[in-house]
Each structure stands twice: as structure tokens, then as C-alpha cells.
Amino acid sequence: MKESALRDLRSFFRGAANVLYHIVVVTLSGAIALSLPLVAGFLAEDFMVYWNQIKSEEVVLVSIEIGVALFLILGFNYIGRSIGDRKIARIAAGAGLVQCVPAKGRLTRKRAKKTKEKQGMARSVVVLGATGYRTFVDAEGELHKVLRDCLEAKIMLMNPYSEAAQVRARAILHPDVTPLRLREEVTQSIEFLKQLKAAHKNVKLKLYSDLPLMKLIILGDYIWLQHYHANLDVEMTSEYVFQHNQDTPSLYTLFYQYFVERWESPEIPEYDLETDELVYPKNGGNEVRREKFCLDLPDRVAQVGKSRAYEQEAARS
């Protein structure tokens, strides 16, 4: 009851303040309009000639008053929004947030891709994602060119055979997202990283077995972050960019530390790109055991390719 009464009281004061605000604006605009003859006398004598013709016209005076009132309302609202926007901008700058890329907008996405290519050129690349297929395997992926030109890369992807992968596939409300599709995409990501490894790139891959929380891309002093929603594809979420600033602390450090802790966790094995084995380390970094990873790329891709061809043929018929 007390909270309800307090809420009603706050609502009443907000309404009263809004009414008082408009009364002040109208009064001020009326005062300005009525003082126009005095002001005009100081501006120019010729203006008095025109004023003598309109000062007795009530319609003209009311029109002037309304115009001045609208001007003041718009001006005060603009100033208020500007102050609020500056406050938000200061908060974003303090957090290190420098850009927000909306989920919808092809031009914005293209500009973001070009920016990533510039930031990741001949640098170390860090990626924490789900399957990695659309991120760097696809020729149109945002990091496809970046990984081919980078100095080294640390990649963390979801183990497609884990229970979390099955839950993720069932949760996303899209007919194309299935456990088999996730396995295929991770398999092709592994094959792509093998090609980089064969080209003497310093590439390391780890597979985690829990639900994906965020898509994290670290390119030098910038972090690109997207949230993995419970039942939405990551492409449907906005992307946030955080910049590292040595002078002031920012969320860049937090997200970077989050990746480092996950990368060094002994519970997350490293994938040996040469032997197709999962390598489990100790806290000190020594190897504990190895497990063979079921990687049957040709058969799996052929199977999925046949199913897609069959679906396309059925759709055409």
C-alpha cells in the first residue's frame, strides 16, 4: 500500500511539474510577444511603421504568441535532450563503448566488416563463438579475410557433440538450425583452421561444452561483442564495440579477462589440428590425457550436401 501511494504521489508531482512547465513557457512567450513594441523601438524606427499597422490586430498578436511559444518549447526540449544525450555519451565513454551496430542494416554491417578488416590486419585475432562458420569460414564472413592475413589466432568454439549444442539447436526457432547442421558447421570451421595451420599460421582452437553466452571478437584495442540470446540467432542481435583506453578503465578489460580465464581453464580442451584429438591440460599446462574427436568431414559434408540438393530439387518441383 505504501509503495502504491508513493508511486501515485510521484506520478502526481510529475504531472504537476509538466503542467507548470507549459504554463511557464506560455507565460514567458506571452510576455515576449507583448514586449515586442518596446523591443522594436530600439531596433529600427521603420519597424514602428509596420507595428502600428498590426498592433491592434489581435489575430496577429495571438499568432506571434503561439509561434514564440512553439519556438520556446522546441528549443527547451532540444536543450533537455542534448543534456541527456551528453550524459549518456559520457557514461558510454567511461565504459569504453564506442559503437553500436544494429542487427538490421546491410550498409552498417558492411562498414563494420571493413572496420574489422582494418583493425585485424596483420594482428593477433581472438574469437569466442558458437560454430564459427558464418564468422570466418564463409567467404563473405566478417573475419574470413582477417584470419587469412593475421599473425596468430586463438579460437574458441562450441563442442558440437556436447549436450549444450543439442539444447542450443533445439532452442533456436529456425528450421535450418539442427544438431546436424551445427556439427557440419563446426567441422568445416575445423577444416578451415587446418588450412591456416598448413599455411604456417599460428592457430589454436579450443572447444567448450557449455551454452554459448556471447560472441566475442578481439582485434587489437577493440572488442566486438554480441549476446547469444536463448532462442534467437546471434545475427538478430546488435553488436557493441568496446575500445581499450590506458588512461581510464573500461569494459574492454573485463571482457578480455573473461576470455583469458576461459582460455586457460583446464576444463576446456585444446583441439589438436594435426591429430584430431582433444587435449586436456592441468592447471600448470601439462597434458593430462587425449581423446579422439569424431571428425568425418567428407562423409558428413557429402551427406548434408545430398540432403540440401534434395531439398532444393523438391522446392523447384
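Reader: Which residue in β8 stands opposite Lys206?

Author: This is a predicted model: local features need pLDDT of at least 70, side-chain atom pairs count only at pLDDT 80 or more, and totals for chains, interfaces and linings use all residues. Residues are numbered from 1 along each chain as its sequence is written, and side-chain values use heavy atoms, without hydrogens and water. Strands (E, at least two residues) and helices (H or I, at least four) are DSSP runs numbered from the N terminus. Two bridges join β4 (residues 202–208) to the antiparallel β8 (residues 270–272), and the residue opposite Lys206 is Glu270.

Reader: In what order do the ten strands form the open sheet?

Author: Two strands pair if DSSP finds at least two bridges between them. The pairing is mixed. The order is β1-β7-β6-β5-β2-β3-β4-β8-β9-β10.

Reader: At about what angle to β4 does helix α9 run?

Author: Axes are lines fitted to C-alpha atoms, for helices over the stretch in contact (heavy atoms within 4.5 Å). Angles run from 0 to 180 degrees between N-to-C directions. Helix α9 (residues 179–198) lies across β3 (152–158), β4 and β8, and its angle to β4 is about 160°.

Reader: Is Cys150 buried or exposed?

Author: Buried means under 20% relative accessible area, exposed over 50%, partly exposed in between (1.4 Å probe, protein chains only). Cys100, at 42%, is partly exposed. Cys150 has 2%, so Cys150 is buried.

Reader: How many disulfides are there?

Author: A disulfide is a pair of cysteine sulfur atoms within 2.5 Å. By this rule the count is zero.
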